Amino acid sequence: MHTVWKGAISFGLVHVPVKMFSATEDKDISLRYIHKECGSPLSYVRKCPVCDKEVAWEEIGKGYEYEKGKFVLFDKEELDQLTEESSKSISILDFVDLTEIDPIYFQKTYYLAPDQAGANAYRLLMEAMRQTGRIGIAKISLRSKSSLAAIRVLENCLAIETIYYPDEVRPASQVPNLPEAGVVNDKELEMAKMLISQLSTPFDAAKYTDDYRQRMLDLISHKVAGEEFHIAPTRQENNVIDLMAALQASIEAVQHIPSEPGPSISSNTSTKLQTATGKKKPAKAKAAASSDAQRTTPAVAEPVVEPAAEAKFNNATGPIPVIAPKPKRRSAKSKETVS
């Protein structure tokens, strides 16, 4: 791992020399802008609109626009003086309970490792935090920016997560079109809670994958190999107006999902479902469940290559292209079964 910061954690009169390493990595696929006429990648030029010439890095400074078209300028030395004192220290201000911090405040996670002869102090701080169940709220200066941070124990390591200042988090009251407080239908609420219960399972990060990135990698490999690709048909979404039918159809769909870690639907749940609705499964719910089952089990169809598929992809329009296997020959009997 590459060291991104070196300094010390200080709490009280104790100093713990540490090195900082990034705990996450960005795996987004970077696409460059290409000149379609000749296929060359485009470059960005730092150009002054007044002098009408390209500007070198050594001629560039920084400024703040306090009025339209008016700037106050700063040189590098002035900006360095603002962060010089605190740039090498992580000062723990308070110890709090992790559950008291809403996830909206968290930004980026880093690992902290002991530096020089700080292993004993590092181990002491980590064990004290582990046994008390507390995390440290600290201030740190990264890349000339002061940030709040939360220091916590992660497995056998100290991790630090930068967090937003309170005035950087917009209040939820500013969100437009929020529903007003009102009475929720008891039967719909009971069914919604049952659906949540059936979908509840222990968190396992390994089961979640970036499907778009994988499709993009497959598409890139096929294009490099000069192979054709197919456009998967888009699924038509139906707007279900009957909320009760949608909830019941969702619960029935969960019953047919292969077993996963977590609770399963029993006969008692089915009895509770009929009690919550006050009647047996209506025909409308059956139809919704049948429609949902058809959507979850895609029909076997001949992949079709659209002539303009590649053009659509280059223009960033249309559905996301995915790689589909070449169709296999089927007998007349299997075709009748599909139809």
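Helix 5 spans residues 243-255, a run of 13 residues. From first C-alpha to last it reaches 19 Å, close to the 18 Å expected at 1.5 Å a residue. The model is predicted.

**Exercise 1.** Find which residues of helix 5 are buried.

*Solution.* Apply the cut-off: buried means under 20% relative accessible area. In helix 5, these residues pass: Ala 245, Leu 247, Gln 248, Ala 249, Ile 251, Glu 252 and Val 254. For reading such a list, recall that an α-helix has 3.6 residues a turn, so residues three or four places apart point the same way.

**Exercise 2.** The structure holds two aromatic pairs. Classify the pair Phe 11 and Phe 95.

*Solution.* Start with distance: the ring centres are 6.4 Å apart. Pairing needs centres within 6.5 Å. Next, the angle: the planes stand at 85 degrees, so the pair is edge-to-face. Now place the partners. Phe 11 sits in strand 1 (residues 3-11) and Phe 95 in strand 7 (residues 89-96). Phe 11 is partly exposed at 21% relative accessible area. Phe 95 is partly exposed too, at 37%.

**Exercise 3.** Classify the pair Phe 203 and Tyr 208.

*Solution.* The ring centres lie 5.9 Å apart. The planes meet at 20 degrees, so this pair is stacked. Phe 203 is exposed, with a relative accessible area of 68%; the cut-off for exposed is over 50%.

**Exercise 4.** Which residue lies over the face of Tyr 110?

*Solution.* Lys 108 does, at 5.7 Å from the ring centre. The distance limit is within 6 Å.

Technical notes: Residues numbered from 1 in each chain as written. Predicted model: local features only at pLDDT ≥ 70, side-chain atom pairs only at ≥ 80, totals over all residues. Heavy atoms only, no water. Helix = DSSP H or I, 4+ residues; strand = E, 2+ residues; numbered from the N terminus. Expected span 1.5 Å × (residues − 1). Buried < 20%, exposed > 50% of the residue type's maximum accessible area, 1.4 Å probe, protein only. Phe/Tyr/Trp six-rings, centres within 6.5 Å; stacked < 30°, edge-to-face > 60°. Lys NZ or Arg CZ within 6 Å of the ring centre and 35° of its normal.
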